[in-house]
Amino acid sequence: MSQQETSLSVTNGAAAAAFLAAAIGVFSLGLITLAGEFGWFSAPELVKGVGGLSGRSTMAVAIWLIAWAVLHRQWRDRQLSWRTLTIASFGLIGLGVVFALPPVWHLLGA
Amino acid sequence: MNLFTERSIWTMVHGIILGGGVMAAFTVALYCMWSVRAADGPSPVVHRQCRFLGRTLLVLAVALWLVVLIGTYVNFAPYRAAAPEGADLSQYPKSFIQSNESTDWLHSFGMELKEHLPWMAAMLVTAVAFVALRYNERLIGEHRLRGLMAAVLLVSFSLSGVVALLGIFINKVAPLT
């Protein structure tokens with residue numbers, strides 16, 4: 001690829017990192033919540049009165065930010081497959097949201 | 001009833017001022033996304049729209065995080081405070097809601113969603129805002145990127161809309177005063 005073509009092209013790596021990291025954050029929060037409902041893992045109460053939500057949300061945000069930092073560093077100058085990015089991101093988002101739904105907890109036997 | 005207690009004011013800041021502002025900002029951002037898409041090609045107007053989109057999404061992300069943080073760390077603890085024996089349950093929203101079969105779902109379903117979905121929406125909107133600010137006018141030629149941004153924004157808007165509606169129901173039945 002010539003220098004001129006490279007300077008005119010827009011790589012999607014930075015965007016991919018942002019979207020996928022957010023999707024990982026969403027999925028993490030859903031999974032941590034589901035784990036709490038099943039008694040597999042109980043998030044700590046980091047702020048008095050707020051309960052386990054303070055621990056769950058803090059963990060999910062930490063996972064999101066770490067994932068974003070790592071992915072951005074790896075992908076910022078790369079071009080990734082749109083199809084793979086879309087499927088991975090929306091798959092994780094979908095699962096994360098579903099895991100946070102109370103009817104799903106009851107359905108799964110929590 | 002005193003409408004302007006500290007708890008009531010924080011609830012209004014969370015729900016009406018910031019929450020209402022967030023819903024309005026979502027609408028503006030979605031319209032901006034559409035107007036960039038609908039443009040005939042690069043022009044000074046579209047360039048300005050891209051910059052405006054980035055700023056709008058930044059304001060939306062900040063407002064949404066404030067809604068989430070105030071809701072979690074200011075309003076949630078008084079909402080879920082355990083009512084002492086014989087206490088007036090109207091001062092303890094969670095206990096009040098759970099004391100009646102017809103309103104119990106507001107906590108077991110409504111508040112459970114309100115605990116987690118807004119955090120998800122905030123993370124997603126932050127990603128969209130970052131992309132808009134980083135790519136700026138380069139978004140004009142990137143229809144797949146804009147499509148992904150719009151889709152994620154719509155998901156966030158839907159999540160936020162659902163929790164906003166549930167918040168209205170909860171506050172109507174058991175307001176924080």
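Start at the boundary between chain A and chain B: six residue pairs are in polar contact there, both partners at pLDDT 80 or more. A polar contact is a pair of N or O atoms within 3.5 Å; within protein, one must be able to donate a hydrogen and the other to accept it, and residues adjacent in sequence count only if both atoms are side-chain atoms. This is a predicted model, so local features need pLDDT of at least 70, side-chain atom pairs count only at pLDDT 80 or more, and totals for chains, interfaces and linings use all residues. Residues are numbered from 1 along each chain as its sequence is written, chains are lettered from A and ligands numbered from 1 in the order in which they are written, and side-chain values use heavy atoms, with hydrogens and water left out.

Now color the chain A side by element. Helices H2 (13-37), H3 (52-75), H4 (82-99) and H5 (102-107) of chain A each give two or more residues to the side touching chain B. Helices (H or I, at least four residues) and strands (E, at least two) are DSSP runs, numbered from the N terminus. H2(A) supplies the largest share, 12 residues. By class, this side has 26 nonpolar, 14 polar and three charged residues. Ala, Val, Leu, Ile, Met, Phe, Trp, Tyr, Cys and Pro count as nonpolar, Asp, Glu, Lys and Arg as charged, and the others, Gly among them, as polar.

Select the whole contact (heavy atoms within 4.5 Å). Chain A gives 43 residues and chain B gives 34. About 3200 Å² is buried between them, 81% of it from carbon and sulfur atoms. Buried area is the accessible area (1.4 Å probe) that two parts lose on being put together, summed over both. Show Val10(A), Phe19(A) and Trp82(A): in chain A they lose the most area to chain B, together 21% of what that side buries.

Which side chains meet in a salt bridge between the chains? Pick Arg56(A) and Glu115(B), 3.0 Å from N to O. The criterion is a side-chain nitrogen of Lys or Arg within 4 Å of a carboxyl oxygen of Asp or Glu. Arg56(A) lies in H3 of chain A and Glu115(B) in H4 (residues 104-135) of chain B, so the pair joins two chains.

Finish on chain B. Its elements are five helices and zero strands. Select H1(B), residues 6-38, which reaches 46 Å from first to last C-alpha. Stop at Val13(B), where H1(B) bends by about 30°, the angle between axes fitted to the seven residues ending there and the seven starting there.

Methods:
Expected span 1.5 Å × (residues − 1).
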